[in-house]
Amino acid sequence: MSRLSDKILPAVAPTMPPLPIINWESIQNEAPLILPINYQGPDASLPAADVVVITWTNAEWSAFDHVFCNSGELRTSEDISWQKDWLAYAKNAPPAPAIGTNYHLWGFYRMVQITGQSGKALRVLLFKAQAHLAYDPYLKGLQDMTNALLEDTGAKYLYSIGTAGGVSDTDLLGNTVVTNSAHLMMTNGNNIPSPYNNQTFTCTDWFPSFNLMDSTKQQLFYSLSNVASWVQYQYLYGELCTKIYNNGSPLASMDGIAVTDLVNTPLNPDNLKQPQTANCKDKPLLTTDFYYIAQPGDAEKYCILEMDDAVLAQVASTKAVSYVFVRNVSDPVVPSNTMAGLAIPDVVRNEWSSFIYDTFGFYTSYNGALSTWATLAAF
């Protein structure tokens, strides 16, 4: 048996369980109420709403739908049947260049009602965005999408939720952070002429209540230790070795790098039994238009890393709309060195981070969506 073939075992991926049916009664609450929409097509205006909640990737979208629309059924990551109930919105939207001229931005939506602790019934527009800061039409596209959503709905509150990168070893896989602040750092030539580059935006007039967070966390959050096992990590490590070997890059090798070097504190199954939600009020997240792994010193400046939210904050601030960001840790900090002190090549670190996101982002997004629901239900 060669060293490579020994590394790539086991060859069969462990079975990943579905997201559970949500027992709302366990926290003396009930599922969001789905509201009917008189849909007039993708070019029509959106219905009026009190709150707009935006999510981004497909994994996030599925967990989002499960929590807010279909919590009475199990949900696997492969299931896309629920997508048919989401309505396309493309009012004044350009084609999506990366997909083709027949496919338009901005995204897909549904409407629910959530009755808060005050008794107020909130109309909440759920939105899956198709515009992103890192893709054509870049900053302008994201600004135009956000303007359209807020102008059509008349919403007074804007949420952006989804996956994110950790900044320190305390950012455990499956944890969530909530912040009202975002710093924008762009390097793409289509974005850097913007006067908003390197600015920080903070919502100073509102921050959501955490009154329901403890009960939601204790009763409903998904324990990542259910899926982030050593068997799963060994499988992912084998896939990583195979990919690095097949790429034949002279800049990367798995020699001297063991699975135990890559499974650090944020990934250790012993640490993942009870996910947490951190109140990071006034501590900005970092928004970039490029893939960014945490650097030394970032934990002192930022609470999490992602790729859109500061632009939403900039637009919302021009419209007197309050905003907040709920981001789940889907790709924690990756070690720079092995336990023996060997430097881990950046391509290995990037690929490992990608494997972790692809495998667990569906589950971490579930906790992020539940954290979002908890703040809305606490209105």
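In this predicted model, the sulfur of cysteine 280 has its closest cysteine sulfur in cysteine 303, 4.5 Å away. That is too far for a bond, because a disulfide needs the two sulfur atoms within 2.5 Å. The structure as a whole holds zero disulfides. Cysteine 280 is buried, with a relative accessibility of 13%. Cysteine 69 counts as buried too, at 11%.

Aspartate 282 sits in the loop between E12 and strand E13 (285–288). Its phi is positive, near 75°, and the residue is not a glycine. At 46% relative accessibility, aspartate 282 is partly exposed.

Asparagine 92 belongs to the loop between strand E3 (87–89) and strand E4 (95–96). Here the side is open: asparagine 92 is exposed, with 70% relative accessible area. Why do such values deserve a look? Most residues other than glycine have a negative phi, and most peptide bonds are trans.

The backbone has a cis peptide bond as well. It runs from aspartate 136 to proline 137, with omega near 10°. Proline 137 lies in the loop between strand E7 (121–129) and helix H3 (138–153).

Now to the helices. Helix H4 spans residues 213–220, and its buried residues are Met213, Thr216, Lys217 and Leu220. Viewed down the axis of H4, these residues fall within an arc of 110°, so they line one face of the helix. What lies over them? The cover on the buried residues of H4 includes strand E12 (277–279) and helix H9 (346–377).

H9 also packs against helix H2 (residues 58–68). Two packed helices are described by the angle between their axes and the distance between the axes. For H2 and H9, the angle is about 40° and the axes are 8 Å apart. The two helices are therefore oblique to each other. Their crossing is right-handed. On the H2 side, the contact is made by Ala59, Glu60, Ser62, Ala63, Phe64, His66, Val67 and Phe68. On the H9 side, the residues in contact include Tyr357, Phe362, Tyr366 and Trp373. Gly361, Ser365, Ala369, Leu370, Thr372 and Leu376 of H9 take part as well.

How values were computed
Residues are numbered from 1 along each chain as its sequence is written. This is a predicted model: local features need pLDDT of at least 70, side-chain atom pairs count only at pLDDT 80 or more; totals for chains, interfaces and linings use all residues. Side-chain values use heavy atoms; hydrogens and water are left out. Buried means under 20% relative accessible area, exposed over 50%, partly exposed in between (1.4 Å probe, protein chains only). Helices (H or I, at least four residues) and strands (E, at least two) are DSSP runs, numbered from the N terminus. The arc is that of the directions from the helix axis to the C-beta atoms. Contact means heavy atoms within 4.5 Å. Axes are lines fitted to C-alpha atoms, for helices over the stretch in contact, and angles run from 0 to 180 degrees between N-to-C directions. Angles under 35 degrees count as roughly parallel, over 145 as roughly antiparallel, 65 to 115 as roughly perpendicular and the rest as oblique. A crossing is left-handed if the near helix is turned anticlockwise from the far one by less than a right angle, and right-handed if clockwise.
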